[in-house]
Amino acid sequence: MHKRVVFRNRVLPYLLVAPQMIITLVFFIWPAGQMLVQSMLLQDAFGLSTRFVWFENFGRLFADPYYLHTFRVTAIFSAATAGLALGAGLLFAVMADRVVRGGVGYTTLLMAPYAIAPVVAGVLWLFMFDPTVGIVAHMLRGLGYTWNHQLNGAQALVLVILAAAWKQISYNFLFFLAGLQAIPKAVIEAAAIDGAGPGRRFWRIVFPLLSPTTFFLVVVNLVYAFFDTFGIIHAVTGGGPAKATETLVYRVFNDGFIGLDFGGSAAQSAVLMAIVIGLTVVQFRYIERRVVY
Amino acid sequence: MVERRPLWTFATHAVLGGGLLVVGFPLYVTLVASTHTAQELLGHFPLWFGSHVIENYARVLSAGGRGAGSAPVLRMLVNSLVMAVTVAVGKVGISILSAYAIVYFRFPFRMTCFWTIFLTLMLPVEVRIMPTFKVVADLGLLNTYAGLSVPLIASATATFLFRQFFLTVPDELTEAARIDGAGALRFFWSILAPLSRTNIAALLVILFIFGWNQYLWPLMVTTDETMSTVVMGIKRVVPTGDAAAEWNLVMAMVMLALVPPVAIVVLMQRWFIKGLIETEK
């Protein structure tokens, strides 16, 4: 869709887009190009000479068993985080939608975690599960279960998943609630008159009508779990113990910024970029179909 | 609700109560912990507030979350505020201008600009960590407010939001303004900007939270502790396994880091929900 009425000016439009374009080119496009070039360069151990090696960095990366392990950790972490956050968000939204009085109070409180930074959410959960002072770790010990995420990799993974999912519940809750409120009441009333109980109405009518929201949220939650949770892992476990919680983004940061392996880090960045592009394309293809201009 | 079933109503409130517990309990524990001494937190965890509120918070604000050597949290809060406000205002400012140019003008490379802005969606900081750091370092922006905020200002989502909105503004309005002799800038300032007020407010709320909660970016561009933001400063005080950790001070710092954005979300609920739902459309 375009405007029928436009202004004529040779210079002004360029001045208007200039700030956005300059920042985009300097801090986004140029570094991304650099990253792609770098991913095909190999530096010797002393940083004296650099060779162009085509896709050797990528070959090295995918031959590295640790990298494949990182992929697996990321997959488990993202699937569990998205699943938990979506499930809880949907449950609370369906309940809040049923409430006649007091719904606003619940909504206000349930959306608070949205505003909390991932790293802060991580520290909240770290504190509750701290083996020495944590209140939940104490309770678990009372039940005869030893909790120590500093030694046990599986427990560390559970801890970061809980923190990441907890923060995302609000977001899913708000979107599911908006989706539920957009479903015409007449449809649900008609089903009720036909004798369908609440459970049947939900699975046969509400859930299918909610599927665009659900699909959108699955993509958003995966992007969140992939990228935005870096702070949680960096502050809570540092990728440990023994790389049990090392995700793709954490490793890019660690290899590049701490390990100074530029070629390898750039190749990993390129792999990440492919993942983001894939997810964005999926998201926009689907949105194109839904939004009518 | 379609029918009246007391049992279901009870179950509904029970589930929502459980939800509030899940969301609220970690926050409650943090608040309680920040009012005790470090010794009181060892052994049995206290379930009610202690009496060291002022002492703990004053110490954190003036001397930092962990003993001597770390920067005062007050300074970090100021840094966070400056960064969040600059990011929010900057993003809204440059996005509304570029959306205006793209919608209301025909010029060569118009679509090139549009797609270049679109590309930023696919290039989060995490994907270009090293080269972006190098650009910022080469420009001499490490440990400055400009380095903290300017690179985050480019925004595809805000530009799209304004573009969508401008496309719904009727052409008759533009024609009327032109007949009355208004130029492009006059039309923007006197008609389009006031019409966009609610969108601007909603975006400012969302983007303030976005800016305040940044972690990886400040971690990269600040090495000087007096320039760090409160959210990333938390990483420096998180205890790493030693028993003598001063959790009470850490939790006080955590409270200070999470109260401003949470307060904004709760107090500006209407703008927040509008901003959240609209930016994702």
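User: Which hand does the crossing of α4(B) and α8(B) have?

Analyst: A crossing is left-handed if the near helix is turned anticlockwise from the far one by less than a right angle, and right-handed if clockwise. The crossing of α4(B) and α8(B) is right-handed. Helices here are DSSP runs of H or I with at least four residues, numbered from the N terminus. Bear in mind that this is a predicted model: local features need pLDDT of at least 70, side-chain atom pairs count only at pLDDT 80 or more, and totals for chains, interfaces and linings use all residues. Residues are numbered from 1 along each chain as its sequence is written, while chains are lettered from A and ligands numbered from 1 in the order in which they are written.

User: At what angle do α4 and α8 of chain B pack?

Analyst: Axes are lines fitted to C-alpha atoms, for helices over the stretch in contact, and angles run from 0 to 180 degrees between N-to-C directions. Helix α4 (residues 73-104) and helix α8 (residues 156-168) of chain B pack at about 45°, with axes 8 Å apart. The pair α4(B) and α8(B) is therefore oblique. Angles under 35 degrees count as roughly parallel, over 145 as roughly antiparallel, 65 to 115 as roughly perpendicular and the rest as oblique.

User: Which residues of α4(B) and α8(B) meet?

Analyst: Contact requires C-beta atoms, placed from the backbone, within 7 Å. On α4(B), the residues include B:Val92, B:Ile96 and B:Tyr100. They face a set on α8(B) that includes B:Phe162 and B:Phe166. By class, this contact has 10 nonpolar, three polar and two charged residues. Ala, Val, Leu, Ile, Met, Phe, Trp, Tyr, Cys and Pro count as nonpolar, Asp, Glu, Lys and Arg as charged, and the others, Gly among them, as polar.

User: How do α4(B) and α11(B) pack?

Analyst: Helix α11 (residues 197-212) of chain B packs against α4(B) at about 140°, with the axes 8 Å apart. That angle makes α4(B) oblique to α11(B). The crossing of α4(B) and α11(B) is right-handed. Among the contact residues are B:Met83 and B:Val87 of α4(B), and B:Leu204 and B:Phe208 of α11(B). The classes are 13 nonpolar, two polar and one charged.

User: How many residues of chain B are in contact with chain A?

Analyst: 80 residues of chain B are in contact with 85 residues of chain A. Helix α1 (residues 6-33) of chain B gives the largest share of chain B's side, 12 residues. That side divides into 59 nonpolar, 14 polar and seven charged residues.

User: Which residues of helix α4 of chain A are buried?

Analyst: Count the other C-beta atoms within 10 Å of a residue's own: 20 or more is buried, 12 or fewer exposed, and in between partly exposed, with C-beta atoms placed from the backbone. In α4 (residues 103-110) of chain A, A:Tyr106, A:Thr107 and A:Leu110 are buried. They cover an arc of only 100° around the axis, so they sit on the same side of α4(A). The arc is that of the directions from the helix axis to the C-beta atoms. Their cover includes α3 and α7 of chain A, together with α1 of chain B.

User: Is B:Phe109 buried or exposed?

Analyst: B:Phe109 is exposed, because 12 other C-beta atoms lie within 10 Å. Most residues other than glycine have a negative phi. B:Phe109 has a positive phi, near 70°. B:Phe109 is in the loop between α4 and α5 of chain B.

Note on methods. Helix = DSSP H or I, 4+ residues; strand = E, 2+ residues; numbered from the N terminus. Contact = placed C-beta atoms within 7 Å.
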